[in-house]
Amino acid sequence: MNLIPLSALLAFFYSFALCKPVQVATRNNEMESDTTLHEGDIVLRRKRSAINCDSSCFWPKSRDGLVNVPVNISTEFSVEERTWIAEAMQEFTTLTCVQFINRTTETNYISVVPGESCWSHFGKIGGMQKVGLMKTGCMNKGAIQHEMNHALGFLHEQVRSDRDNYVKIMWEYVMAGEQGNFRKVNSNNLGLPYDYSSVMHYGLYDFSNTSGKATIVPIPDPSVPIGQREGLSNLDVAKINKLYSCNCCSNVLHKPSDTFSSVNYPSLYPDNSNCLWLIRIPQHQVFLQFDAFDLQPSPDCTSDYIRIYDGSSRNSSVLLDKLCGMGSLPSLVASRNMMLVEFVSDQATAATGFQASYSQVKCGSTLTGTSGVITSPNYPNRYPKNQDCFWIISAPADCKISLTMVSFELEDIDECKYDYLLIHDGSRPTSPAVGRYCGTMQIADFTSSENFVLVEFHSDFVWVFPGFMLNYTFVMPS
């Protein structure tokens, strides 16, 4: 009987927990016989001596400027797993010119199959090439994208030729026989900065022989996070677009809160632009507001416009459709931790663009139905502690919004400084406050002065109560 050494077994379970390459594997039973495993999860053809990917291993670009990569996802994956894989690939399609398409009759394609580890071939090898995804360790967006990046021709970030300026390899803590995972290569860095936040970067403790001892330490600041698997970083997107000469204007915003603006703001934005900002916060829901807005007006905003999606792609539902001109835009709450902002301009620019900011809220939504109900979380049961919720009611421009409180009971304290409901006559936290309510206050019916209302709810970390139910309806001004 062949026994796996204890240190290797422990390494296996550690890698499993972090969704990293499984170190104990040297060959996968689904890999071809003439391949070896490099850096834990990269399959190299023995006939290819160079680790750098040249034009022969790039996927070709079509006349329309798109790089179509045919993919077949094995039916051995469940429907849910196939959805996860498709959503991970959709982020490439949204932000780069690389388009993962369903394979029909193409000779060269990627076959995504269940594997005993996470692994991929390096670049395009010709014919059918497999990407292995372990069902119990690779079914998250970042791990899937990591392997698909290998298939596009990308290595791990920490093996870059200039890595010693950014990380220190702690060789004494690297598992015996695994030093090759940390050796530098003569890489093509595309003239772009080292990326600690790349989905291609190893984590602190990968291949460590000692619990709690890091194998990779960022320098000069060892506290810089590395090894994230939440999704493509902004530089991951930039590197794909540069390697494949994509004419794309794409940005990933991953901090819990941040600001962004159109190109050249506050100067005139460029002609013929089509830019995307993918807001992807670590958790909760995205709250977006515009601090300035000035786009060239046109009938039905057919020339220059901004459009906002409730999700990570143009296939997501639209939160705000084609707006232009000058003035204030409504704030918006996404249904999840992602929101996509699209900006388009034509050939005649005469405006400065926009500036926006975003943050996170724990619950809420953007409501556009002609009537509806808003309730505190868990209603009619007691609401949770430590909640910050925003509901934005958005009516057509010629309507106002009527509110009626059906039930209300929050913590009762002077000045409502702990748990409270705050109603704003407008969509922004800075819009005029109708009132701040707590306890069992009687809340009079209210009709907005414009076509937006923001309902804000906050609870602290101590007492909880049944909460509230609020009805709203759109009304035509008399």
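Contact here means heavy atoms within 4.5 Å. This is a predicted model, in which local features need pLDDT of at least 70, side-chain atom pairs count only at pLDDT 80 or more, and totals for chains, interfaces and linings use all residues. Residues are numbered from 1 along each chain as its sequence is written, and side-chain values use heavy atoms, with hydrogens and water left out.

**View 1**
Helices (H or I, at least four residues) and strands (E, at least two) are DSSP runs, numbered from the N terminus. Not counting residues up to four places away in sequence, Ser250 touches Leu95, Asn234, Val237, Asn241 and Leu276. A polar atom of the Ser250 side chain lies 2.7 Å from the backbone oxygen of Leu95. Such a polar contact is a pair of N or O atoms within 3.5 Å; within protein, one must be able to donate a hydrogen and the other to accept it, and residues adjacent in sequence count only if both atoms are side-chain atoms. With a relative accessible area of 15%, Ser250 is buried. Buried means under 20% relative accessible area, exposed over 50%, and partly exposed in between (1.4 Å probe, protein chains only).

**View 1. Glu147, a position annotated in UniProt.**
An unreviewed UniProt entry gives the annotation "active site" to Glu147. UniProt positions follow the numbering used here, feature names are shortened, and annotations may be inferred rather than shown by experiment. Glu147 sits in helix α3, residues 141-152. Its relative accessibility is 2%, so Glu147 counts as buried.

**View 2. The salt bridge between Glu81 and Lys135.**
A salt bridge is a side-chain nitrogen of Lys or Arg within 4 Å of a carboxyl oxygen of Asp or Glu. By this rule the model has 12 salt bridges. In the pair shown, the closest N and O atoms of Glu81 and Lys135 are 3.6 Å apart. Glu81 belongs to helix α2 (residues 79-95) and Lys135 to the loop between β7 (128-133) and α3, so the pair ties together parts 54 residues apart in sequence. Glu81 is buried, at 12% relative accessibility. Lys135 is partly exposed, with a relative accessible area of 34%.

**View 3. The salt bridge between Glu342 and Arg314.**
Side chains of opposite charge can pair when their charged atoms come close. Here the closest N and O atoms of Glu342 and Arg314 are 3.1 Å apart. Glu342 lies in strand β18 (residues 338-344), and Arg314 in the loop between β14 (305-309) and β15 (318-323), so the pair ties together parts 28 residues apart in sequence. Glu342 counts as buried at 4% relative accessibility. Arg314, at 38%, counts as partly exposed.

**View 4. A salt-bridge network of Glu157, Arg160, Asp162 and Lys239.**
Salt bridges that share partners join these four residues into one network. Within the group, the side chains of Asp162 and Arg160 meet at 2.9 Å, N to O. Asp162 is buried, with a relative accessible area of 19%. Arg160 is buried at 6% relative accessibility.

**View 5. Positive phi at Leu190 and Phe207.**
Leu190 is not a glycine, yet its phi is positive, near 60°. Phe207, also not a glycine, has a positive phi of about 60°. Leu190 is found in the loop between β8 (167-169) and β9. Phe207 is placed in the loop between β8 and β9. Leu190 counts as buried at 14% relative accessibility. Phe207 counts as buried at 1%.

Pro220 is in the loop between β9 (216-218) and α4 (234-243). Pro266 is in the loop between β11 (258-261) and β12 (274-280).

**View 6. A nonpolar surface patch of Phe461, Val462 and Trp463.**
Together the three residues have about 360 Å² of accessible area. Accessible areas come from the Shrake-Rupley method with a 1.4 Å probe; for residues, only the protein chains shown count as cover. Patches are made of residues with over 30% relative accessible area and no salt bridge: like charges are joined within 9 Å, nonpolar side chains (Val, Leu, Ile, Met, Phe, Trp, Tyr) within 5 Å. Val462 lies in the loop between β27 (452-459) and β28 (467-475). At 32% relative accessibility, Val462 is partly exposed.
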